[in-house]
Amino acid sequence: MKKLPQLVQFARLEVVWNDAQVTEGGLNIAVYLKEYKTCVRKTLGYYIGTKEDTILIAETDDRLAGNWHNEPLDVERINAIPVGMITELNVLS
């Protein structure tokens, strides 16, 4: 998936994406190639926006909680997912 559909801020989303990975230690390329499996992630959250080909999804919508700074866009913990890593995106009702 290279292009996102038109999304409304704070829409509830389900995003399936392939996560980047890193190996531990050195000189283990043969073992890594043999045992490699794609790390598929599924993230649920609130759409905050996009920036530099990255979708921003908040874990919690705190706008109505009134326990932060009473800002109109209060959220908790934002996950930034590169659009090029997204394989599926669903808007939840």
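User: Hi! What share of the contacts between residues at least 6 apart in sequence join residues at least 24 apart?
Analyst: Hello! In this chain it is 64% of them. Keep in mind that this is a predicted model.

User: Good to know. How many helices and strands does the chain have?
Analyst: There is one helix, along with five strands. Going along the sequence, the pattern reads β-α-β-β-β-β.

User: And in what order do the strands sit in the sheet?
Analyst: The order is S4-S3-S2-S1-S5, in an open sheet with antiparallel pairing. S4 and S5 are the edge strands, each pairing on one side only. From one strand to the next, the twist averages 45°.

User: Let's zoom in on S3 and S4. How many bridges join them?
Analyst: Seven bridges link S3 to S4, and the two run antiparallel.

User: What else does Ile55 contact, leaving aside neighbours within four places in sequence?
Analyst: Quite a list! Among them are Leu4, Leu7, Leu13, Tyr47, Val83, Ile86 and Leu89.

User: Which residues touch the most other members of the largest nonpolar core?
Analyst: Those are Leu13, Val15, Ile55, Ile81, Ile86 and Leu89, out of 13 residues in that core. S1, S3 and S5 (86–92) are the elements that give two or more residues to the core. S1 provides the largest share, with three residues.

User: Switching to charges: how many salt bridges turn up in the whole structure?
Analyst: The search gives three. One of them joins the side chains of Lys42 and Glu14, at 3.5 Å from N to O. Lys42 is in strand S2 (residues 39–51) and Glu14 in strand S1 (residues 12–19), so this pair ties together parts that are 28 residues apart in sequence.

User: Is Glu14 buried or exposed?
Analyst: Glu14 counts as buried because its relative accessibility is 16%, under the 20% cut-off.

User: Nice contrast. What about Arg41, which residue does it form a salt bridge with?
Analyst: Arg41 goes with Asp19, and their closest N and O atoms are 2.9 Å apart. Since Arg41 lies in S2 and Asp19 in S1, the pair ties together parts 22 residues apart in sequence. Arg41 is partly exposed, at a relative accessible area of 38%. Asp19 counts as partly exposed too, at 23% relative accessibility.

User: And where do Arg77 and Glu59 lie?
Analyst: Arg77 belongs to strand S4 (residues 75–82) and Glu59 to strand S3 (residues 54–61). Their side chains meet in a salt bridge at 3.4 Å, N to O, so parts that are 18 residues apart in sequence are tied together. Arg77 is exposed, with a relative accessible area of 61%, while Glu59 counts as partly exposed at 41%.

Note on methods: Residues are numbered from 1 along each chain as its sequence is written. This is a predicted model: local features need pLDDT of at least 70, side-chain atom pairs count only at pLDDT 80 or more; totals for chains, interfaces and linings use all residues. Side-chain values use heavy atoms; hydrogens and water are left out. A salt bridge is a side-chain nitrogen of Lys or Arg within 4 Å of a carboxyl oxygen of Asp or Glu. Helices (H or I, at least four residues) and strands (E, at least two) are DSSP runs, numbered from the N terminus. Buried means under 20% relative accessible area, exposed over 50%, partly exposed in between (1.4 Å probe, protein chains only). A nonpolar core is a set of buried Ala, Val, Leu, Ile, Met, Phe, Trp, Tyr and Cys residues joined through side-chain atoms within 4.5 Å. Contact means heavy atoms within 4.5 Å. Two strands pair if DSSP finds at least two bridges between them. Axes are lines fitted to C-alpha atoms, for helices over the stretch in contact, and angles run from 0 to 180 degrees between N-to-C directions.
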